[in-house]
Amino acid sequence: MILEIEANVSRPNGFHLIVEEKWSAHATGIAGPSGGGKTTLLNCITGSERGARVIVDGEDWSEWSMQERKIGYVTQDPLLFPHMTVKENLLYSPRASSIGPIAEMLRIDHLLERRPANLSGGEKRRVALGRAIASQPRLLVLDEPFTGLDEILRREAMSVLHSIKQWSGVPMILVSHLADEIVGLTDWTIRLENGSVSKRGPSESVLNETETRIDNYFSGIILEPGLVRCGPCDLKVILPHDADGPVRLACYANDILLSKKPPDEISARNVIPTKIKLIHGFEKITLVDLEAPSLRVLVTREANRDLDLVTGMSIYAIIKASSIVYLGPAEN
Amino acid sequence: MNSIQLSLSVGFAATLLTLPLAILAAWFLEKTDSKARPILQILITLPLVLPPVVIGYLLLALFSPSGKVGSTLQWLGAPVAFHWLGAVVSAAVVGFPLFVTSISLSMREIDARLERISASLGASRLQTFFRITLPLAWPGILSGAALAFARGLGEFGATIILAGRIPGQTETIPLAIYAELDSPGGETKIAWLVFASIAICVILILVSRIFQGLHKRKMESES
């Protein structure tokens, strides 16, 4: 999706947003501190703030209403229709037809007959996301969709969004002040500060040193209590005692260590011999993609320099069992 | 028809007659940004503050058989003045402000973002109204209907001026009580009428409560 936007918005309180950007991305992140103009820019794109020039894939959206733009809008507050069941919510849009695959993808297929009052926070977000996707939007706009969820639920919701993003193919704009959401889910990011763009580029490059949490999502099958087979390797994981069968897991990129030699006598339970697939070097950090298991590792520039990492190199990935988080059961 | 049956039928007719209008007025007041809203607000509040006799007089002026509106209605076979319909119109007018206010309050409570989300999902304004606004305003519509019904039931001043006191046609409970005050031995009848009024109102409150409870349970229920 190629997006071109020219926005010039003034508020009575002195806030001024001036943005003139053109970029091409399947998933775009809008990052930056609160009050920087993230939501205002988003409103220009959705059409609830009029007057901005918005061109999407060569088509001029500027004069279109929110309905005409066909935007699937998901906010921090799930805003489900309280008098309708999950199924009725999902089917609400006149454009919605089959919801089966969406419900399955979002793991809400067992909740279809419930009403929002009986859903957990994470479930509500998934239903809101499903309702937006079922309306067959041309663009999915997510305004801090995971804020307020606890850590595990947030990572779980992110992993679900990650898979639905690939499954549905709908272009997406994600607003977030959390770097792991931006980096994990988008490929191009605009950073807004004081109403103007302070940084732009591939999402990882816009990261600050302090914002280094990038999540890896993967799944596996429990072989025995505490042991999960993930592709070619078996990982020791701390699992809830009732977990069984296929499971979804997550591990932060900065929780994985790299070693050129096999370490001996180490407390970490997982030492995996693998190869480096790709290295992305940025201003402050380096991201290393491993071949098998397919994981992304974050190291500092200094570490990259000292280890002299190169693509194709054999390496040992070291992960503590406690760094791998159980997100929930997966489908077979 | 005795005056209790008459009062009930007048109350029901008045409530049903004003239901769509009250919903429309409340929606206009709460969900649009029309400049005419303050004027409408004043017009709607007026019957609440005007003396009922004044309301009756104004209605009579409007519906008088010698006037245009009155004569046309008479020609159509629906005379309002000194007719059962007059009692209905009086009850409707005095109950209307309560009806609208109650619906307005419940419409105001609806998160406006729900209606925006509905629009973003592709629903038209009309679809949003019928599928989101109206079902969520249901408790207010119910309590408004109960209030309007009860208010109409007790209407005296406007009714006696517009509809007169015609036994079996326009002599509702309050008018019957007034008539019995003058007649010797009317105390027993008055006692019955008072008891009936209280009973009707209690039942009204109970029914309204039950419906509201059902609505609440539906919103919280599993399915």
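Predicted model: local features only at pLDDT ≥ 70, side-chain atom pairs only at ≥ 80, totals over all residues.
**Conventions.** I number residues from 1 along each chain as its sequence is written, and chains are lettered from A in the order in which they are written. Local features need pLDDT of at least 70, side-chain atom pairs count only at pLDDT 80 or more, totals for chains, interfaces and linings use all residues, and side-chain values use heavy atoms, with hydrogens and water left out.

**Entry 1: chain B and chain A.** I looked up the contacts (heavy atoms within 4.5 Å) and noted 22 residues of chain B against 23 residues of chain A. The buried area (accessible area, 1.4 Å probe, that two parts lose on being put together, summed over both) is about 2,200 Å², and carbon and sulfur atoms give 60% of it. I then searched this interface for salt bridges (a side-chain nitrogen of Lys or Arg within 4 Å of a carboxyl oxygen of Asp or Glu) and found 1. A:Asp77 pairs with B:Arg113 in a salt bridge, with the closest N and O atoms 2.9 Å apart.

**Entry 2: the domains of chain A.** An automatic or database assignment divides chain A into domain 1 (2-206) and domain 2 (215-329). I noted 30 Å between their centres, taken over C-alpha atoms. In contact are 13 residues of domain 1 and 14 residues of domain 2. The area buried between these domains is about 1,200 Å², with 54% from carbon and sulfur atoms. I recorded 2 salt bridges between the two domains. One of the salt bridges I looked up joins A:Asp215 to A:Arg155, whose closest N and O atoms are 2.7 Å apart.
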